[in-house]
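Dear colleague,

Please find below the structure that I am handing over to you. I would be grateful if you could read the notes that follow with the model open beside them.

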Amino acid sequence: MVENVILPAVLALVMTGAGLDIDARRLPNGHVAVRAMIAGFVATAILLPLAGLAIATCFRGEPAIAFGLALLAVSPAGLLAGPLARAAGGAASTAVALTLSSSLLYLAVAPRLIPGLASWLDLSSGQIDLPGRDILASVSAVCVLPLMVGAAVRAIAPAAACAAERVIASLARPSLGGVLAYILYANAESLWRCSIDLLGATLLLNLVGVAVATAAGALSESRRADRLAIEGACLMRQEGTGIFVAAVVFDESAAALPLIVNSLMAMMVAYGLRTYRHLGRSSFGARAAV
């Protein structure tokens, strides 16, 4: 009931609220450097997923956890990549472009990629043979269509959209928190058994993401703002989509655990980096370095 009915409804509500918050006048319209875009796309859509899949293979003894890590690895850049890049002084336009491009790629390859990952990791689920078109339809119905509807309403009736967004946010946040808490409780045994490993795996994946973003930015000789945008796209992933695929499409709520843990871990890493850089620029940090 919770995973199959309430979770999709809450996620659809969250995505609708996210769409209502999309104001075309606030969207970044700055120049996106081609080299930075190519480097960021390679980092977010190829290198980071490969690193994440390598980490997932270490959990073959826990197929559901391994599948969740695989879903996390192939998740596209999240909607928070733009705001994160902006807050860090990066190029929000580049982060938004990377979010859009990686999301389109995900929708294109997900119908074949996700069942392939389930089979590769020996996930014992009756949904492994689910037709790719059903996976695409399910993800589109819950995660893509509500976002588009919300954005359309914002464009047509911005005043009403602002009021509706506040109402939806007040309902969606506690509802989503309650659903995720239920999933954690329902899989408390798996969470306890793999807690240290899960924390280590998600931390490692985020640190790899930072390293990949740094290398991609350096090799492409991108400006600092674009490097921060690539970093934001590597850290902020669309965990909600992966949670839906794990708990609803494949009926493996334990596979949602890595995605839930990472939603907190990525924010902690991002905040830690921001604090470190702030201290490094401060006079206190300079004196401490000396």
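This is a predicted model: local features need pLDDT of at least 70, side-chain atom pairs count only at pLDDT 80 or more; totals for chains, interfaces and linings use all residues.

Residues are numbered from 1 along each chain as its sequence is written, and side-chain values use heavy atoms, with hydrogens and water left out.

The protein has 12 helices and zero strands; helices (H or I, at least four residues) and strands (E, at least two) are DSSP runs, numbered from the N terminus. Of its 290 residues, 49% are buried, meaning under 20% relative accessible area with a 1.4 Å probe, protein chains only. Among contacts (heavy atoms within 4.5 Å) between residues at least 6 apart in sequence, 83% join residues at least 24 apart.

Helix H5 covers residues 92-120 and spans only 36 Å between its end C-alpha atoms, whereas a straight helix of 29 residues would span 42 Å. The expected span is 1.5 Å times one less than the number of residues. H5 has a kink of about 65° at Ala-110, shortly before the proline Pro-111; the bend is the angle between axes fitted to the seven residues ending at a residue and the seven starting there. After H5 comes Asp-122, with a positive phi near 55°.

Finally, Arg-60 lies over the face of Trp-120, at 5.0 Å from the ring centre. For Arg, this requires CZ within 6 Å of the ring centre and within 35 degrees of the ring normal.

Yours sincerely

Terms used. Buried means under 20% relative accessible area, exposed over 50%, partly exposed in between (1.4 Å probe, protein chains only).
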